[in-house]
Amino acid sequence: MANKASAASNEPIEVLFALHDKFNLTDFAGPLEVLASALHDKNDENTKAFECTIAGPEPKVMSEQGVVIGSQITYKEAHERLSDFDVLVVVGGNSDGVLKGKTEPLPIISAFAELQKNDSSRERTLMSICTGSLFLAEQGILSGLSATTHPDYMTKFEILCSTAAQRNLQERTDVVEDARYVVNNLRFDLGDEDENPYIRRKSDTDRRPSNARKGSISFKGSNARRESIARRAAMRLGGLRVITSGGISAGLDAALYLVSILVDDNAANEVARLMQHEWIKGIVVDGLDV
């Protein structure tokens, strides 16, 4: 598959949802609804912004709520096609089982991160919902980054992050307890820091976002400019954007953020309106704009 030049092109952004046995159904269904509803033109249903694919360990995957979801591809195929995807979404549920068994989605998380480090010419995003962040912590993805998870799992999350840092001789993770979602490795070249709503610290949560930039423009530029690719390659994880969210409804907020940066703010706000959901903004860690 050819690399996308723009999120505003006719080709949707490819998203891979990684499911596992006894995953949390709402961690999956909420963000899926957000991404599936996002359009470049709200008046044209043929302008969908995202194409979502579901990977699972079996053709039918049982959620912890007892609902069975059919996977579209196996993990073997997902690994083979991994370079096709712009976004990998990791959901929560059954974290103990996955961590003890060292099963998927752990391997595909590491593979996706390695893919970005080896090929920084493509803009990619790794997003975890709820306790899916524990899987990222276990794989050492969050070392040196800021991250969050469901409040009830914060202590376990901190232990996993600390253990991974010691094991891999890497930096510790800045665990954020009071955020709906946390974003690392942002990159936008439009607007000064004081005007860019996507460069945000904890103290900036009351800032009124600027409408000066559009995510589709930055997405197009980030994949086209040679100097941007070089700078991205120098970033942690090859410039992989890493998003971790709190539980369930916070996952909706994180998914809306993803729509806002890869499509535009209007598309995200329209999805929130359709879902009758109040989009609560999270925290974006200061990073290198490319």
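Predicted model: local features only at pLDDT ≥ 70, side-chain atom pairs only at ≥ 80, totals over all residues.
**Entry on the cores**

I looked up the largest nonpolar core, which has 41 residues, and saw that Phe50 and Val259 touch the most other members. For the term I wrote down that a nonpolar core is a set of buried Ala, Val, Leu, Ile, Met, Phe, Trp, Tyr and Cys residues joined through side-chain atoms within 4.5 Å, and that buried means under 20% relative accessible area, exposed over 50% and partly exposed in between, with a 1.4 Å probe and protein chains only. At least two residues of this core come from each of strand 1, helix 1, strand 2, strand 6, strand 10 (181-184), helix 9 and helix 10, and helix 9 gives the most, with 9 residues. Helices (H or I, at least four residues) and strands (E, at least two) are DSSP runs numbered from the N terminus. Apart from this core I found another of 35 residues, among them Tyr75, Phe85, Val98 and Leu237.

I then checked helix 9, where 13 of the 14 residues are buried. Helix 9 reaches 20 Å from its first C-alpha to its last, close to the 20 Å expected at 1.5 Å a residue, the expected span being 1.5 Å times one less than the number of residues. Helix 1 (residues 25-37) has buried residues including Phe28, Val34 and Leu35, and what covers its buried residues includes strand 1 (13-18), strand 2 (50-56), helix 9 (249-262) and helix 10 (265-274).

**Entry on strand 7**

I followed strand 7 next, and found both faces covered, with Thr125 and Met127 buried on one side and Leu126 and Ser128 buried on the other. Strand 7 runs parallel to strand 6 (residues 87-90), joined to it by 4 bridges, and Leu88 has Leu126 as its bridge partner. Another 4 bridges join strand 7 to strand 11 (residues 241-245), also in parallel, with Ile243 as the partner of Met127; two strands pair if DSSP finds at least two bridges between them.

In the loop between strand 7 (125-128) and helix 5 (132-138) I came to Cys130, whose phi is near 55°, a positive value in a residue other than glycine. Cys130 is buried, at a relative accessible area of 9%. Thr131 lies in that loop between strand 7 and helix 5 and counts as buried because its relative accessibility is 5%. The contacts of Thr131, not counting residues up to four places away in sequence, are Gly92, Gly93, Thr149, His150 and Tyr153.

**Entry on other backbone geometry**

Most residues other than glycine have a negative phi, and most peptide bonds are trans. I noted that Leu169 has a positive phi of about 55° and counts as exposed, at 78% relative accessibility. The peptide bond from Glu104 to Pro105 is cis, with omega near 20°, and Pro105 lies in the loop between helix 3 (95-101) and helix 4 (106-118).

Terms used
Residues numbered from 1 in each chain as written. Heavy atoms only, no water. Contact = heavy atoms within 4.5 Å.
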